[in-house]
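Here are my notes on the model, for reading beside the coordinates. Please check each point against your own view.

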Amino acid sequence: MIVGQSTDRLDGRLKVTGRARYAAEVKPPNMVHAVLVQSTVAAGNVAGIDATAAQTMPGVLRIITSANAEKLNLTGAKVLQSMLQNNDIFYNGQHVAIVVAVTLQQAQAAASRVRVRYTPTHAATMMDAALNQATLPTNFRDGKVEPDTRTGNPQAAMATAPVRIEQTYTTPIEHHNPMEAHATIASWDRDRLTVWTATQGISGAQESLASLFGLAKANVVVICPFVGGGFGCKGQTWPPTALAAMAARSVNRPVKLEVTRQQMFTSNGYRPRTVQSLKLAANQDGKLLAVQHDSLTQTSRPEVGEFAEPSGLAARMLYACPNIATSHRVVGINQGLPTFMRGPGEASGMFALESAMDELAVQLRMDPLALRLANYASEDATSGKPYASKGLRECYAKGAAAFGWQKRDAAPGSMRDGRVLIGLGMATATYPTVRMAASAQVRMMPDGTVLVRSGTQDIGTGTYTIMAQIAADELGLPLGRVRVELGDSRLPPAPISGGSMTTASVLPAVHAAAIQLRHRLLTLALAQAPAAWGTPAVKDLRLQDGLIVGPGGQVSAGDVVARQNVPFIDATVDIAPNAASKDFSCHAFGAQFAEVRIDPDLRTVKISRWVGAYDCGRVINPQTARSQLIGGIVFGIGMALMEETRVDAATGRTINANISEYLVPVNADIPVIETIFVEAPDLVTTELGVKGIGELPMVGVAAAIANAIYHATGTRVRDLPIRLDNLLA
Ligand code: MOS
């Protein structure tokens, strides 16, 4: 079996040798460059644009403003502004013009000479000043999930409960900051559009562009074989992608529009700030009597669009409790549209819930892990559905054992190494297991190699590699004889690589296609078989090391194809999610254990140890899976201690729109990380038993750190990120 074994990434060599070609590196003949001009006010409208000086500068081909921009069809678009369709301004950084020139430098120089006059109006730039204007989200989770839920009567239970916690937790605006910035190269051939673009969803990009430009889907080709990280900000089609296509059409040449690092803070979403109220009530023995999680999150003005961070979803299902209420409200302000960011909802919401659980444990004088176990849920408390699989108890046990949790002295400030304060904290992790319809094709070539094809994308996670692993096993081939093609919308379509669902969606399609192909090959082998084979049936044959082996002899699988005189034999499968999964609560789980070391005088926080045990279902490739786990934990450490986008209230402009002042962890910030797989297969969602793994490992990380910091210092910090000034008071 190749599935379940660690293997290097198939695309690893291409990446480390620089031969993997990312979107910004594509250079079609005649390509020219586009640069965005952005609003310097946060509300109002464009009174006029003077482009006369810019227009006459060297190399300038065209300056596009709302006055001459192509009209786009915005029906169904997620982002309704920033594509030069009108003069309204709703946030600082909104695009107001594009300059197209022969070279990038010419376009940049001309863009700096475009004079924009504004009629500014009052801008509400800060969420916290507008909390009283919170409203119900209009399209929460695309209308598929209720924004508010209530099971039992939390208020009544709260009123009589012996122990209560009521606190507010906040998480800041955060930006994804993948290493690869957004880039689009757009090229038109009459009414056919080809884009090379950095995206987590080529199918979605194809659909969005077709819709915006009024084209048949078949007339839009989206190509993206490599993605340098996404974390959610490449999930939907943001205005720069459309503007690249608009610019290319207007000059009738291929156009490259690469978003700058600074523009990564204005033009492709962010995790919105949240203000979360968490109320817990419990018996003296720690049994939860009520959970109430009310989330406020910022969104843009409705004219731009709406995104609601679903912070309260985990509280609905994580713990056994008869009385649970959750609510979500959005605060529309003059900021760009927020979007999904790794663990959207769970990452922010579980900071609040798992911090509150720690606070409850402190109040009960109970071990935080024992409190979780006392409330271990055997079914989803809100939906009442059984879990499709749940290995959380084992995650707690194995994680605690590896970490040495039992050596923890509960009293804050009681553990030291010399003068350094030591804090041990833990938290639970959970993330839904989602699967969507996907298709794939598997081909056997006459030379006996196999090509696996699907219109999915590998955002750095290992998709290429695990697709090959599944096909190799099913077709009895070593991994070296399997190639994978993905990242091209002309391939059989697959869903967005978001929501941790690529493995659970695409692998079943590859698996089913490989099974079909195997059957076809064996059937053909029988038809071609010499008399010496007798009359075996398909079931008497097997595929092994590229050979079809039967009782009477063997033949190379490639030769079977060659004898048919065809270039290849293939099978294509389009496969829908398992209908039975709607009767189950499908989740991955985990337990996070953090050790922090804090200087008692300077209050500097160092994460010194990490143990995480994760029930992420059946693991296809432990090596790439472990990389995902490490990446998620590092992302969570950034969230806990560093990441914060600061906005200037007066202008609505991001102050730290760069990666020297927007802090993210570096190697020196990261401890040795021990990860443990607890493989509780989810056989309801897929026959392969897989669950998503991309987002799970960052959920609960910030709470585990906040809890460890409390344990070390006795100071409870409820606002992220936690910096040393929070600990000096
Ligand atoms: Mo993920 S935030 O769904 O890319």
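1. **Ground rules.** The model is predicted, so local features need pLDDT of at least 70 and side-chain atom pairs count only at pLDDT 80 or more, while totals for chains, interfaces and linings use all residues. Residues are numbered from 1 along each chain as its sequence is written, and side-chain values use heavy atoms, with hydrogens and water left out.

2. **Aromatic pairs.** A search of the whole structure gives 12 aromatic pairs. Rings of Phe, Tyr and Trp (its six-membered ring) pair if their centres lie within 6.5 Å; planes under 30 degrees apart are stacked, over 60 edge-to-face, and the rest tilted. One of the pairs is Y22 with F226. The pair is tilted, at 5.9 Å centre to centre and 45° between the planes. Y22 lies in the loop between α1 (12-16) and β1 (32-38), and F226 in the loop between β11 (220-223) and α6 (239-251), so the pair ties together parts that are 204 residues apart in sequence. Helices (H or I, at least four residues) and strands (E, at least two) are DSSP runs, numbered from the N terminus. Ring pairs also bring in Y464, linking Y22, F226 and Y464 into a cluster.

3. **A second tilted pair.** F226 is buried, at 9% relative accessible area. Buried means under 20% relative accessible area, exposed over 50%, and partly exposed in between (1.4 Å probe, protein chains only). F231 and F635 form a tilted aromatic pair, 4.8 Å centre to centre with 55° between the planes. F231 lies in the loop between β11 and α6, and F635 in helix α14 (residues 622-641), so this pair ties together parts that are 404 residues apart in sequence. F231 is partly exposed, at 27%. F635 counts as buried, at 9%.

4. **Charges over rings.** Which ring lies under the charged end of R249? The ring of W188 does, with its centre 3.9 Å away. The charged end of R609 sits over the ring of F403, 4.3 Å from its centre. The test is that NZ of Lys or CZ of Arg is within 6 Å of the ring centre and within 35 degrees of the ring normal.

5. **Second largest pocket.** Its volume is about 480 Å³. On a 1 Å grid over the protein atoms alone, a pocket is an open set of points with protein on both sides within 12 Å along at least five of seven lines; a cavity is a set where a 1.4 Å probe fits but cannot get out; lining residues have an atom within 4 Å of a point. Grid points are joined across faces, edges and corners, and a volume is the space filled by probe spheres set on the points. The lining has 33 residues, and Q38, N92, G93, T266 and R653 are the closest to the pocket centre. It divides into 11 nonpolar, 21 polar and 1 charged. Where does this pocket lie? Domain 1 (23-122 + 179-229 + 234-265) and domain 2 (133-173 + 270-434 + 583-728) both give residues to the lining, so the pocket lies between them. Domain bounds come from an automatic or database domain assignment.

6. **Cavities.** The whole structure holds 3 cavities of 30 Å³ or more. The largest cavity has a volume of about 90 Å³. Its lining has 15 residues, with L84, Q85, N86, Q94 and H95 nearest its centre. β4 (88-89) and β5 (95-101) are the elements that give two or more residues to that lining. The second largest cavity holds about 60 Å³ of space. Its lining includes H182, K234 and W238.

7. **Backbone to check.** Most residues other than glycine have a negative phi, and most peptide bonds are trans. The peptide bond from L720 to P721 is cis, with omega near -10°. P721 lies in the segment after α15 (701-713). N177 has a positive phi, near 50°. N177 lies in the loop between β8 (163-171) and β9 (183-189), and is buried at 15%. S500 also has a positive phi, of about 55°. S500 sits in the loop between β20 (482-485) and α12 (502-528), and is buried at 13%.

Conventions: Ala, Val, Leu, Ile, Met, Phe, Trp, Tyr, Cys and Pro count as nonpolar, Asp, Glu, Lys and Arg as charged, and the others, Gly among them, as polar.
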